[in-house]
Amino acid sequence: MCGIVGYIGRQDAYPILIKGLQRLEYRGYDSAGVALINPDNKLNVYKAKGKVADLEYNASSKDTSGTIGIAHTRWATHGEPNDVNAHPHYSQSENLALIHNGIIENYMVIKQELIRNGYTFKSSTDTEVLVHFIEYIKKTNKVDLCRAVQLAMGEIIGAYAIAIIDKNDPDQIIAARKSSPLVIGIGEDEFFLASDATPIIEYTPRVIYIKDEEIAVIRRNKPIRILNMRDIEQTPEIKTLEMNLTQFEKGGYPHFMIKEINEQPRTIVDCIRGRINIEATDVILSGVLDNKERFENARRIIIVACGTSWHAALIGEHLIEDLCRIPVEVEYASEFRYRNPVIDKDDIVIAISQSGETADTLAAMELAKSKGAFIYGICNVVGSSIARGTDAGSYVHVGPEIGVASTKAFTGQVMVLSMMALTMAKQRKTITDELYKSLIKELIIIPEKMKKVLELNETIRDLSKIFTYAHNFIYLGRGYNYPAALEGALKLKEISYIHAEGYPAAEMKHGPIALIDAEMPVVAIATTDSIYEKTISNIQEIKARKGRVIALVTEGDDVVCNIADYCIEVPKTLEYFAPLISAIPLQLLAYYIAVNKGCNVDQPRNLAKSVTVE
């Protein structure tokens with residue numbers, strides 16, 4: 001959440017910064033701002049509540065000249081979304097301007113000390129406290145800006161990625177990070193700074209990922225210097241981005257979300273590529289194979305995740321326990337880190353995150369690592385904090401996901417977990433060769449079945465019109481499809497703002513069935529599986545109370561379709577992989593209901609793509 005952009009070089013900074021903020025809009029935000037040092041060394045800060053377009057309007061008649069600047073999109077934590085609380089923030093003297101992602105937990109203690117020293121505050125933010133604090137240290141210790149940042153970071157508790165400029169030194173940007181991503185792009189006689197690579201790829205593929213507790217000194221026409229908190233020079237590692245600009249464009253679709261839903265047959269092929277042999281007889285997941293002994297001897301597996309990734313983790317739990325016969329626990333990362341969990345050195349902890357930067361998941365991972373557990377990461381963003389901080393792992397390889405509500409990353413995570421379970425099962429000899437090969441063959445044809453599901457687009461769009469103005473929804477599933485029901489409900493509530501809950505179908509009679517009446521739409525996932533008959537009984541319980549049932553069924557099913565009010569037929573697949581097929585119609589249903597309501601599908605209110613704060 002929040003977005004950072006910075007530029008220093010030979011070009012006008014303002015257009016680059018604005019375009020960078022537009023590239024970061026997918027992350028979710030409620031205000032935006034920019035700071036520029038003009039040719040006369042005047043530091044100009046412009047800010048606006050709302051969208052980047054509002055910032056552009058506010059700055060349209062102002063001086064936006066200069067070849068150095070920083071810009072920010074803010075997702076409110078301390079203080080409401082407004083012009084004053086938006087970043088960048090001036091220091092007391094207005095010599096410095098700073099932008100910040102993250103949360104400073106001890107900001108109030110620092111603020112009280114600064115007030116006692118004569119500092120005044122205009123905003124309610126922890127970020128304004130930070131820029132005043134850096135200036136205070138710079139003055140009282142008579143040090144340069146880099147050293148002041150180092151000293152300030154030593155006093156701060158919390159997470160941060162910052163960029164700061166000084167009008168008295170218009171040839172320098174200082175940047176630092178701890179538990180919040182920051183990347184520097186290296187161009188020809190120019191440098192780019194961002195919270196992820198999306199604003200940079202247009203200009204250069206060469207980047208440096210700043211590590212935790214590192215400070216970057218970015219000077220015009222000079223090599224970048226990377227220092228740690230003890231002022232020891234670090235050797236920067238330059239990487240080449242493997243992405244292209246078209247991945248960040250809508251490609252003719254009205255929204256990124258529908259584009260990404262439709263990309264899933266291709267992204268699943270990308271996820272599989274190189275991991276299943278040409279003969280479709282073996283899974284080659286190097287992160288597992290290279291750590292064979294750890295996986296063979298694991299006492300249990302703990303999966304930590306949040307949101308959509310947590311739903312993927314629940315499916316992973318089913319797969320691993322079913323195929324590998326090893327106990328699995330799935331934990332909300334935000335709760336795991338605070339409940340003093342029992343972790344053993346023989347445990348494997350799998351951390352799942354689309355961005356690889358989810359603060360709670362990173363913290364849970366670090367806790368498990370401190371207890372001696374083996375950490376395996378599953379994420380989508382190359383070079384992310386989870387990718388760098390784990391003992392081994394697998395990239396999802398579905399390409400940049402711009403829509404805030406996750407779609408293709410979810411199915412990619414489920415596919416990686418499926419391949420992981422198969423690899424482990426073979427290692428542990430808990431699967432027959434016949435079943436192993438039949439599951440691999442089914443995985444290979446999942447993308448074709450996804451294409452067939454996407455042909456239902458018009459049918460689901462028409463169905464969505466009936467339920468656009470519902471106030472509540474219930475989603476039901478059993479077995480592997482229970483997590484799919486949870487994910488379907490989450491998609492609907494995220495982008496349409498309709499209250500929706502997912503339940504195991506059999507749990508309805510233990511309380512939620514009290515909600516059922518003629519006004520309550522119920523989405524029942526009733527594809528053919530080992531508990532199909534029991535799911536039919538649960539649907540009949542809903543119909544007996546006049547509930548309106550939308551059933552997701554296997555092609556050719558006329559039993560459920562004779563009971564339900566509406567049916568969506570999907571291709572038959574093996575029970576293990578049912579969520580890969582079930583997910584798509586539920587994504588489409590949520591999407592079209594939200595579009596019908598006129599909601600901002602790609603940037604739903606109050607949500608952020610990458611949750612880098614608690």
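Student: How do strands E21 and E22 pair, parallel or antiparallel?

Tutor: In this predicted model, strand E21, residues 472-477, and strand E22, residues 499-504, pair in the parallel sense, and six bridges connect them. Within that pairing, Tyr475 stands opposite Gly502 of E22.

Student: What does Ile350 touch?

Tutor: Not counting residues up to four places away in sequence, Ile350 touches Ile301, Ile302, Ile303 and Val304, and also Ile320, Tyr376, Ile378 and Met420.

Student: Switching to the open sheet: what is the order of its strands?

Tutor: Eight strands form it, in the order E3-E2-E4-E1-E10-E9-E11-E15, and their pairing is antiparallel. Strand E3, residues 43-49, and strand E15, residues 238-240, are the edges, each pairing on one side only. On average, and with direction ignored, neighbouring strands in this sheet are turned by 20° against each other.

Student: How many bridges hold E11 and E15 together?

Tutor: Three bridges connect E15 with strand E11, residues 206-209, in the antiparallel sense, and Val207 stands opposite Lys239 of E15 there.

Student: Which strands does H2 lie across?

Tutor: H2 lies across E2, E3 and E4, and runs at about 135° to E3.

Student: What about H1, how many of its residues are buried?

Tutor: Helix H1, residues 13-23, is mostly covered, with eight of its eleven residues buried. Those buried residues are Ala13, Tyr14, Ile16, Leu17, Ile18, Gly20, Leu21 and Arg23.

Student: What covers them?

Tutor: The cover over the buried residues of H1 includes helix H2 (52-59) along with strands E1 (3-8), E2 (31-37), E4 (68-74) and E10 (191-194).

Student: Let me jump to charges. How many salt bridges does the structure hold?

Tutor: It holds 35 salt bridges. One of them joins the side chains of Glu263 and Lys408, with an N to O distance of 2.8 Å. Glu263 lies in the loop between helix H6 (256-262) and helix H7 (264-272), whereas Lys408 belongs to helix H14 (residues 408-428), so this pair ties together parts of the chain that are 145 residues apart in sequence.

Student: Are Glu263 and Lys408 buried or exposed?

Tutor: Glu263 is buried, because its relative accessible area is 12%, and Lys408 also counts as buried, at 3% relative accessibility.

Student: Where do Asp282 and Lys426 lie?

Tutor: Asp282 lies in the loop between H7 and helix H8 (286-289) and Lys426 in helix H14, 144 residues apart, so that the pair links distant parts of the chain. Their side chains meet in a salt bridge at 3.1 Å, N to O. Asp282 counts as partly exposed at 21% relative accessibility, and Lys426 is partly exposed as well, with a relative accessible area of 43%.

Student: And which helix holds Asp462 and Lys465?

Tutor: Both lie in helix H16, residues 457-466, three residues apart, which is about one turn of the helix. Asp462 is partly exposed, with a relative accessible area of 43%, while Lys465 counts as exposed at 53% relative accessibility.

Student: Last one: why does Ser309 count as buried?

Tutor: Ser309 counts as buried because its relative accessibility is 7%, and buried here means under 20%. Ser309 lies in helix H10, residues 307-324, and, leaving aside its neighbours within four places in sequence, Ser309 is in contact with Ile352, Ser353, Gln354 and Gln413.

Notes. Residues numbered from 1 in each chain as written. Predicted model: local features only at pLDDT ≥ 70, side-chain atom pairs only at ≥ 80, totals over all residues. Heavy atoms only, no water. Pairing = 2+ DSSP bridges. Helix = DSSP H or I, 4+ residues; strand = E, 2+ residues; numbered from the N terminus. Buried < 20%, exposed > 50% of the residue type's maximum accessible area, 1.4 Å probe, protein only. Contact = heavy atoms within 4.5 Å. Axes fitted to C-alpha atoms, helices over the stretch in contact; angles between N-to-C directions. Salt bridge = Lys/Arg side-chain N within 4 Å of Asp/Glu carboxyl O.
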